[in-house]
Amino acid sequence: MSNVHIINHPLVQHKLTIVRDKNTGTKAFRELVDEIATLMAYEITRDMELEDFEVETPIQKMTAKTLTGKKLGVVPILRAGLGMQDGILKLIPAAKVGHVGLYRDHDSLEPVEYFVKLPSDVEERLFIVVDPMLATGGSAIMAIDCLKKRGAKNIKFMCLVAAPEGVAALEKAHPDVDIYIAGLDEKLNEEGYIVPGLGDAGDRLFGTK
Ligand code: PRP
Ligand code: URA
């Protein structure tokens, strides 16, 4: 599980507990998912490259640091991934945003693609694919397939809650992709929901049923 990173930061864990609570309403759910995405983005960007930069402070000139390296792309998996988009952009406002639209067929649990729109320069970008839930792994695998088919070479995946089955499937399908998770849960139930999980992320974010 070398490319799997559990984000154990106390603020992330505390907020995730409130998100899991069935009594948390849509407004608070949305705000907390946004905040967790920001905190996770802080962790995910730890290995970003820096270069020297000459800056003049009011006191004197100095050599400081500035970001260099790959341009970023944030790719929420529709719908629920949208809940994490702005939280990441707060930290990385210059990132471009792509969207991959997938839904899980309720009977087969297989993902069905309905929309793909990515920023330009796909080959040079580092993409952060986001979705609150990694259940069977089918949606994340298909979204990353979509990116790779279009030339993406550097991809990280970030989710709030994952089932071990989904993590194993994603690692097997895309061993080059680093996976960032706030909560690694016990299992999937027969309907493909994560146990204990947080329920249906899209419905809780958007107030649908
Ligand atoms: C949910 C979730 C993931 C997917 C995870 O989306 O947001 O995209 O299920 O399940 P998987 O790992 O088994 O593929 P859903 O299909 O319910 O669509 P929505 O975001 O539009 O609600
Ligand atoms: N999608 C969700 O929204 N929740 C789950 O538990 C599994 C897939």
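How many nonpolar, polar and charged residues are in the shell around ligand 2, by class? The shell has five nonpolar, two polar and two charged residues. In this classification Ala, Val, Leu, Ile, Met, Phe, Trp, Tyr, Cys and Pro count as nonpolar, Asp, Glu, Lys and Arg as charged, and the others, Gly among them, as polar.

This is a predicted model, in which local features need pLDDT of at least 70 and side-chain atom pairs count only at pLDDT 80 or more, while totals for chains, interfaces and linings use all residues. Residues are numbered from 1 along each chain as its sequence is written, chains are lettered from A and ligands numbered from 1 in the order in which they are written, and side-chain values use heavy atoms, with hydrogens and water left out.

**The annotated domain**

UniProt, in an unreviewed entry, lists residues 7-208 as "domain: Phosphoribosyltransferase". UniProt positions are given in the numbering used here, feature names are shortened, and annotations may be inferred rather than shown by experiment. Over residues 7-208 the chain is 34% helix and 31% strand, with 29 Å between the end C-alpha atoms. Helices (H or I, at least four residues) and strands (E, at least two) are DSSP runs, numbered from the N terminus.

**Ligand 2**

The residues that surround ligand 2 are Arg104, Met133, Ala135, Gly192, Tyr193, Ile194, Gly199, Asp200 and Ala201; a residue is near a molecule if one of its heavy atoms lies within 4 Å of it.

**Ligand 1**

Ligand 1 is surrounded by 14 residues, of which the closest are Arg104, Asp131, Thr136, Gly137 and Ser139. Six residues of its shell are nonpolar, five are polar and three are charged. Two or more residues of the shell come from each of strand E6 (99-104), strand E9 (133-134) and helix H4 (138-149).

**The largest pocket and the recorded sites**

The largest pocket is the space taken by ligand 2, and ligand 1 sits in the largest pocket. On a 1 Å grid over the protein atoms alone, a pocket is an open set of points where a 1.4 Å probe fits, with protein on both sides within 12 Å along at least five of seven lines; lining residues have an atom within 4 Å of a point. A molecule sits in a pocket if more than half of its atoms lie within 2 Å of its grid points.

One "binding site" feature of the unreviewed UniProt entry consists of Ile194, Gly199, Asp200 and Ala201. The lining of the largest pocket includes Ile194, Gly199, Asp200 and Ala201. Another "binding site" in the unreviewed UniProt entry has among its residues Arg79, Arg104, Asp131 and Pro132. From this set, the pocket lining takes in residues including Arg79, Arg104, Asp131 and Met133. Arg104 is found in strand E6, and Ile194 lies in strand E13 (residues 194-195).

**Backbone geometry**

A cis peptide bond, with omega about -5°, joins Leu78 and Arg79. Arg79 is in the loop between strand E4 (72-78) and helix H3 (82-91). The peptide bond from Val195 to Pro196 is also cis, with omega near 0°, and Pro196 lies in the loop between E13 and helix H6 (201-206).

Leu109 is not a glycine, although its phi is positive at about 65°; Leu109 is found in the loop between E6 and strand E7 (111-117). Asp121 has a positive phi near 55° and is placed in the loop between E7 and strand E8 (126-130).
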